[in-house]
Amino acid sequence: MGERSSVAIKEECLDLPDSVDTVLPVALSPKELKAYEDMRTKLQVEFREEDDVREAAPGGDAATAASRLVRMTRLRQITAGHLPDDEGQVREIGRSKAKTIASLIHDTLEDEKRIVVFGTFTRELRALEEEIADKRTAVLRIDGSTRPEDRLAMRQRFGSDDPARLVIVAQIKTLSVAVNELVTARNAIFASLPWQRDDIVQARDRLNRLGQKSATTFWYALAPNTVDDAVFQAYQERTDLEKALMSHIYNDR
């Protein structure tokens with residue numbers, strides 16, 4: 001292939017737009033798919049004794065959704081790889097999305113020194129950190145519990161000339177506003193999408209702003225035919241999110 005192909009980096013492709021949106025398809029495991037369909041159609045997911053629970057206290061044997069809003073949230077959590085049971089214990093359903101994102105970072109983006117990953121759930125961020133971190137990649141995790149001084153230190157390191165390969169994994173609310181250091185990255189990955197379109201726009205603007213020297217690429221990790229698709233479509237088309245979600249839940253049965 002090398003004899004008949006050529007390689008061009010972004011800086012050489014002057015006709016590229018300022019930003020590019022790319023969907024990263026995520027194939028959920030059979031266990032994740034079953035949990036998703038059970039929650040979507042039956043409003044309940046039952047856990048077996050052998051199911052993984054990475055918390056100290058024992059939990060309940062099922063997760064149920066008592067309302068429309070709860071069910072929508074539970075579906076998003078399942079595509080992110082986890083689900084709280086009725087006792088509040090967080091059950092890990094799988095890591096398909098975290099592993100897919102790690103593969104993107106270590107294979108497709110292996111030459112990038114700075115990458116940002118936006119997520120929604122604390123448990124999701126933990127799985128992402130564990131899957132992404134390796135001997136050549138340091139992960140800086142920022143969530144709602146991270147102290148302000150620690151957030152600032154991580155942001156400053158990310159924006160510095162530190163030669164280490166750094167990946168910020170953060171809840172979208174913690175880095176979406178008044179952050180300038182992310183312009184050192186030209187790739188951002190949305191592991192899960194927030195309900196509000198403005199949060200996505202603000203997060204994108206942390207990279208694609210004054211100081212950015214390259215075209216930026218935004219990757220959206222979406223599990224096909226799930227709530228991920230509905231949220232992403234509503235974001236792109238500026239349509240009513242709740243109607244899109246209800247259509248997905250009820251019309252696809």
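This is a predicted model: local features need pLDDT of at least 70, side-chain atom pairs count only at pLDDT 80 or more; totals for chains, interfaces and linings use all residues.
User: Which helix holds Arg74?

Analyst: Arg74 is in helix 2, residues 68-79; helices are DSSP runs of H or I with at least four residues, strands are runs of E with at least two, and both are numbered from the N terminus. Residues are numbered from 1 along each chain as its sequence is written, and side-chain values use heavy atoms, leaving out hydrogens and water.

User: What makes Arg74 buried or exposed?

Analyst: Buried means under 20% relative accessible area, exposed means over 50%, and partly exposed lies in between (1.4 Å probe, protein chains only). Arg74 has a relative accessible area of 18%, so Arg74 is buried. Not counting residues up to four places away in sequence, Arg74 touches Met39, Thr64, Leu83 and Pro84, where contact means heavy atoms within 4.5 Å.

User: How do you describe helix 3 against helix 4?

Analyst: Helix 3 (residues 96-108) and helix 4 (residues 122-132) pack at about 40°, their axes 9 Å apart. That makes helix 3 oblique to helix 4. Ala98, Lys99, Ile101, Ala102, Ile105 and His106 in helix 3 meet Ala127, Leu128, Glu131 and Ile132 in helix 4.

User: What kinds of residues make up that contact of helix 3 with helix 4?

Analyst: They divide into seven nonpolar, one polar and two charged. Here Ala, Val, Leu, Ile, Met, Phe, Trp, Tyr, Cys and Pro count as nonpolar, Asp, Glu, Lys and Arg as charged, and the others, Gly among them, as polar.

User: What makes a set of residues a nonpolar core, and which residues have the most contacts inside the largest one?

Analyst: A nonpolar core is a set of buried Ala, Val, Leu, Ile, Met, Phe, Trp, Tyr and Cys residues joined through side-chain atoms within 4.5 Å. The largest has 45 residues, and Val116, Phe118, Leu182 and Phe190 have the most contacts inside it. Helix 8 (residues 227-237) gives the largest share of this core, six residues. A second, separate core of 23 residues includes Ala127, Leu128, Trp219 and Ala223.

User: How do you know whether Val201 and Asn225 are buried, partly exposed or exposed?

Analyst: Val201, in helix 7 (residues 197-205), is partly exposed because its relative accessible area is 28%. Asn225 counts as exposed at 65% relative accessibility. Asn225 sits in the loop between strand 10 (216-222) and helix 8, and its phi is near 65°, a positive value in a residue other than glycine.

User: What about Arg238, buried or exposed?

Analyst: Arg238 counts as exposed, at 64% relative accessibility. Arg238 is found in the loop between helix 8 and helix 9 (241-251).

Notes
Axes are lines fitted to C-alpha atoms, for helices over the stretch in contact, and angles run from 0 to 180 degrees between N-to-C directions. Angles under 35 degrees count as roughly parallel, over 145 as roughly antiparallel, 65 to 115 as roughly perpendicular and the rest as oblique.
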